[in-house]
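Here is a quick tour of a few spots worth a look in this predicted model. Have the viewer open as you read.

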Amino acid sequence: MISKDKQMLTQRTEHLLEYPKIMENVASLSLSEEAAAIIKNSQPVYDNSVSETKEIVRVIYSILKTHSDEPRFWLPSIGFLIPKIETQGTVLDLDETLAIGLFIERSSEIKKWIIKDNENHEQEHSGKRSLFDLLENIPFVNCNFIAAEIFKIIDREGNFRDLPVLRVIRKRINNLEKQLKNTITRYSLDDDYKRMLQSPLPSQRDGRAVISVKANFRGRIRGIVHEVSASGQTVFVEPLDVVEKNNEILIEKRNLDAEIQKILRELTQNISIYSQDIKNLHLSIINFECLRARAKYSAVTNGHFTDNNENLILKQARHPMLKKAVPIDISMNNDTRALIVTGPNTGGKTVALKTLGLLVMMNQSALALPVDEGSILPIFDGIYADIGDEQSIDQSLSTFSAHIKNISAIIKHITKNSLVLLDELGSGTDPQEGTAIAMAVLDYLIEKKTRMIITTHHGILKHYGYTRQGVENASVEFDAQTLSPTYKIICGLPGESRALDIASANGLDQIIVANARKYLNEEKTDVSEMIKNLEQKQRELNRLEKKSVIEQNILKEEKRETDLKELRLRQKEAELKRGSIGKLQLFLQESRKTLENLVRELKEGEVNREKTLKVKDFLNELTRNVENESLSLTQEERTLKDILQKAKTKAALDFNSTFSPGMDVFAGSTKQRGTIIRADRKNTRSEELSWLVKIGSLKISFLESELAPADPIKPAKTSSWMAEYDTSTSAVFELKLLGKRLEDATEALRRQIEAASLSGLKNFSVIHGKGSGILQKGIHEYLKNDPAVADYYFSRPELGGFGRTEVVLG
């Protein structure tokens, strides 16, 4: 239970910081007068429960930002109707019934809007879960039933629908009114009566049709006199033949009212059955509307939600009530309990104090703040401020007394989780005594571990900030060139008051200013000079920090470009390899076909000069093609070598890499991985330094320009075996297995398939003969089970038939 004194102190702080104005702006965005009233009277939440509320507001804020179909219907006020429907025997009128129906219907639209967003974004979120729990606990089924019953009887304009029982009565009333019109119109059409009338048009008196008769003819028309005009010249008479019609109409209207009352009574009884459900719906939707108004305000102001922990960090914070607010940065880690802000008058100290206090209150009201991302605020159990001059003649309080009274009240309620804001601490009295009181107050608050920010002009408090642990100095920046403040906060440095500069700029006589400087210089210590030096060093540090950030960004960009170049080189290398293999496969296939044709021709006939020349021509053509392909590949290697050399040089400059024995490298134009053994002194190809590199089982000498650094290979954690194969075996176009045992034949076939796969040979022949068929069957069984074999079949009869098998690799 909050004490009355603490509540009054909190309300006073809220008004000092203009918190009620913020909540009025929030309330103006609500779609319910009831929710708006709650928001206006709300206060910040001074415990951690605000974190859950803020998460829900953050979710609604996100929905508002991503969806343009927000239902913006006005929610009627029905809170005052809840006690009425809970009371037996009461009857709602037409407008009250319409308000309940519209409230239920529009509440359902809100739920559909939220649920639709959940269907589009199914990721789990604590705030989203809490929001859905809020809506799912509302008994919409029963309430929607009530709304449907209401709108069966009335429309959404608040008029009764054309119900059968009402239709009959209304029809009778219409017929009677037509008869009445015909009867009363007769008086204005008859010439005898016409001259007696003051006006030919009938009028109404007490809900009954009458005619206006001239006073001197009132006895000529028998009837009931309802009224006489102020001049006495006109008498309003209800003729006797009209009286009966008026009576019949009145009776029917009373019947209609009675029937309407009966319908409303029955409808109210049906609504009363679900009064508790309607009450729960009302409370939940009004609560939601309070949250939606907060989210709407956060979206309209483009605010950011702060994280909550023990640090206090505000980045580019702006006062929400100022149109041209200068952003400020304030930083206090958990170890810093006090921040002493100094600087000139009109420099922005008080505005900074109010900005911080107001933003903390807004944060604890679940609102997004006008700050940049990365801002952090703790959750305080109390926010107390003493700002401004509150001297009172009625209460015989001076400025100093008013400050001390406020500070005394604040000290009674503070804890280590409170925030205290004190403006011009120690002012309004003798500077020496005021400073002593200020330091004593600071000692007390620091001992309580209370978080505080104070402003002051006392120079001794600047020294206090340097000598006490947990206290940090800050200042508002002042432009010495223009003699005007910049309103920016500089943490870590105290500021000068600049009273003489400001006085001179505001027109004080220069002789007076000069004398003041003379008095000041006689007793002035070197504190101001020290502050100036510190400010200069701070500016230099800020400049170097900005320069460092720029250089880091440049380095990151250069590294990114280098990585992209390396990726492009690898892609180019892979493309060249794929292209070379493809060309080689095509070349081998075409050459093999030509060679098979030549062999077949040699087998089918005698060897003559023409056939011999044809074979020589084929071999010469094969040689020329190989030389052309070799020349083209050499040109590509040179181009790639130049690109890789540039990338390697750039990488060496960026990472300061050098070659040394034991280093992993990519060697040669094909960039095979290897390990440097030692410098190669025997290499005479160039004056450039050479290195002996081990690649597999080979040791090859490379120029330094042909090497590029490689990242060390990390040992595999799960590998416990190595695959080996005989690289001495080369693939052949025709594998002869005649006379071999099945075991030796299958081993030779396995080596042939491995070698053919490595060399890119897709087709080859196996000569196994016919014999008893054991070797043939074993060879086919092996080919059937080898995954590298795509197909196999017997050769054509002229090439060997069943004694020879053609193999196609995948």
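## A pairing in the sheet

Zoom out and you'll find five strands making up an open sheet, with antiparallel pairing and the order β16-β15-β14-β13-β17. The edges are taken by β16 (698–703) and β17 (707–709); each has a single partner strand, so one side of each has no neighbour in the sheet. On average, neighbouring strands here are turned by 45 degrees against each other, if you ignore direction.

## The nonpolar cores

Now for the inside. The largest nonpolar core counts 98 residues, and Ile100, Ile271 and Ile278 have the most contacts within it. Helix α12 (residues 275–300) supplies the largest share of this core, with eleven residues.

What does Ile100 touch, once residues up to four places away in sequence are set aside? The list is Ile78, Leu81, Ile85, Leu92, Ile150, Ile271 and Ile278. Apart from this core there is another one, made of 20 residues, including Ile340, Ile407, Val420 and Tyr464.

## Helix α12 up close

Since α12 came up, here's a bit about its build. The helix is 26 residues long and spans 37 Å between its first and last C-alpha, close to the 38 Å expected at 1.5 Å a residue. Most of α12 is covered, with 19 of its 26 residues buried.

Just past the end of α12, have a look at Asn302, which adopts a positive phi of about 55 degrees.

## A buried asparagine

One more stop: Asn363, found in helix α13 (residues 349–363). Is Asn363 buried or exposed? Its relative accessibility is 1%, and buried means under 20%, so Asn363 counts as buried.

What does the side chain of Asn363 make a polar contact with? The partner is the side chain of Lys54, at 2.7 Å.

How values were computed: Residues numbered from 1 in each chain as written. Predicted model: local features only at pLDDT ≥ 70, side-chain atom pairs only at ≥ 80, totals over all residues. Heavy atoms only, no water. Pairing = 2+ DSSP bridges. Helix = DSSP H or I, 4+ residues; strand = E, 2+ residues; numbered from the N terminus. Axes fitted to C-alpha atoms, helices over the stretch in contact; angles between N-to-C directions. Core = buried A, V, L, I, M, F, W, Y, C linked by side-chain atoms within 4.5 Å. Buried < 20%, exposed > 50% of the residue type's maximum accessible area, 1.4 Å probe, protein only. Contact = heavy atoms within 4.5 Å. Polar contact = N/O pair within 3.5 Å; in protein donor to acceptor, adjacent residues only side chain to side chain. Expected span 1.5 Å × (residues − 1).
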